[in-house]
Amino acid sequence: MTQSHPRISKAVIPAAGLGTRFLPATKATPKEMLPVVDKPAIQYVVEEAVAAGLDDVLMVTGRNKRPLEDHFDRNYELESALQKKGDASRLAKVQESSDLATMHYVRQGDPKGLGHAVLCAAPHVGDEPFAVLLGDDLIDPRDPLLQRMVEVQEQRGGSVIALMEVAPEQIHLYGCAAVETTEDSDVVQVSGLVEKPDPADAPSNYAIIGRYVLDPHIFDILRKTQPGRGGEIQLTDALQQLAEDETIGGPVHGVVFKGRRYDTGDRGDYLRAIVRLACEREDLGPDFRTWLRSYVAEEM
């Protein structure tokens, strides 16, 4: 029998990375502000958190990330100009980002890895379960992954990670989970985790993607976690301890995601994400798809 656990209301979004794969575009512009069609990538992530009922959002930032704060703040000069023009449609779009959620910000300081970024959220989160959303993974709003993860955590307690099956030769690019089945077809229990394993040593082809719902005991473990792969404090290493010993902070479960995911952390996948989302837009899709078919037929 499942039991009810505390309702989750807080989301943490690590956004302190340098975005070196997108240089020179990210020399002065945070990678999270790169547009996906006509919205910055980070806004899709905040919208996802809010859709899952998490309207208290902490962004973990670093130097040169001020545009993130400005984007989710009011811009009275721009709003006034649009209002005077009677441009209600664009005014609504400008105001939408500032009305999405209650936003908070903390600086990571030293870039010591994802585990350290999550640890920076401890004073804000306190003794509550919370979600972590990575900005490189955009999840289609028609596939409510985070809502399902929150539901599983509230039923089962502990922590929940998002998993996706990948080709075995691709598993070295991800954290990987050893899993056992449960009575729910889309939920597995995680018995072990390893960061970016050699394909020959991988316990499965279940890759961790950038969504987590975490028990607050993760903070105690992260404070003691030594730098791992890449000399960084790895969140995967801390989750491995939770998976090994349920008495610390409950079990670790995984939700197996089979929906639409757009990877914006890679230049090629970023471009593919823009094309896919533009093709599916009601306002842009018909004309864009026509042009795309013509371009492929004539130029390719």
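**Stop one: the loops**

Start by selecting P24, which sits in the loop between β1 (10-14) and β2. Helices (H or I, at least four residues) and strands (E, at least two) are DSSP runs, numbered from the N terminus. The peptide bond from L23 to P24 is cis, with omega near 5°.

Before you go on, a word about what you are looking at. This is a predicted model, where local features need pLDDT of at least 70 and side-chain atom pairs count only at pLDDT 80 or more, while totals for chains, interfaces and linings use all residues. Residues are numbered from 1 along each chain as its sequence is written, and side-chain values use heavy atoms, with hydrogens and water left out.

Next, pick V37, in the loop between β2 and β3. V37 is not a glycine, yet its phi is positive, about 65°. V37 is partly exposed, at 25% relative accessibility; buried means under 20% relative accessible area, exposed over 50%, and partly exposed in between (1.4 Å probe, protein chains only).

Now jump to the loop between β4 (56-61) and α2, where N64 is found. N64 also has a positive phi, near 65°, in a residue other than glycine.

**Stop two: K65**

K65 lies in that loop between β4 and α2 too. Are N64 and K65 buried or exposed? N64 is exposed, with a relative accessible area of 56%, whereas K65 is buried at 4%.

Show the side chain of K65 and look for the backbone oxygen of G17, which it reaches at 2.7 Å. A polar contact of 2.8 Å also joins the side chains of K65 and E32. (A polar contact is a pair of N or O atoms within 3.5 Å; within protein, one must be able to donate a hydrogen and the other to accept it, and residues adjacent in sequence count only if both atoms are side-chain atoms.) Leaving aside neighbours within four places in sequence, K65 is in contact with A15, A16, G17, P30, K31 and E32, where contact means heavy atoms within 4.5 Å.

**Stop three: the cavity**

On a 1 Å grid over the protein atoms alone, a cavity is a set of points where a 1.4 Å probe fits but cannot get out, and a pocket is an open set with protein on both sides within 12 Å along at least five of seven lines; lining residues have an atom within 4 Å of a point. Grid points are joined across faces, edges and corners, and a volume is the space filled by probe spheres set on the points.

**Stop four: α11**

Y270 takes you to α11 (267-280), where the buried residues are Y270, A273, L277, A278 and C279. They pack against β2 (35-36), α1, β13 and α12 (285-299). At the start of α11, a side-chain oxygen of D266 comes within 3.0 Å of the backbone nitrogen of G268.

**Last stop: the pockets**

Which residues lie nearest the centre of the largest pocket? Select R21, K31, L134, D136 and K196, out of 48 lining residues. About 1,600 Å³ of space lies in this pocket.

Finish at the second largest pocket, with about 830 Å³ of space. D38, K39, Q43, Y44 and E47 lie nearest its centre, and α1 gives the most to its lining, with 5 residues.
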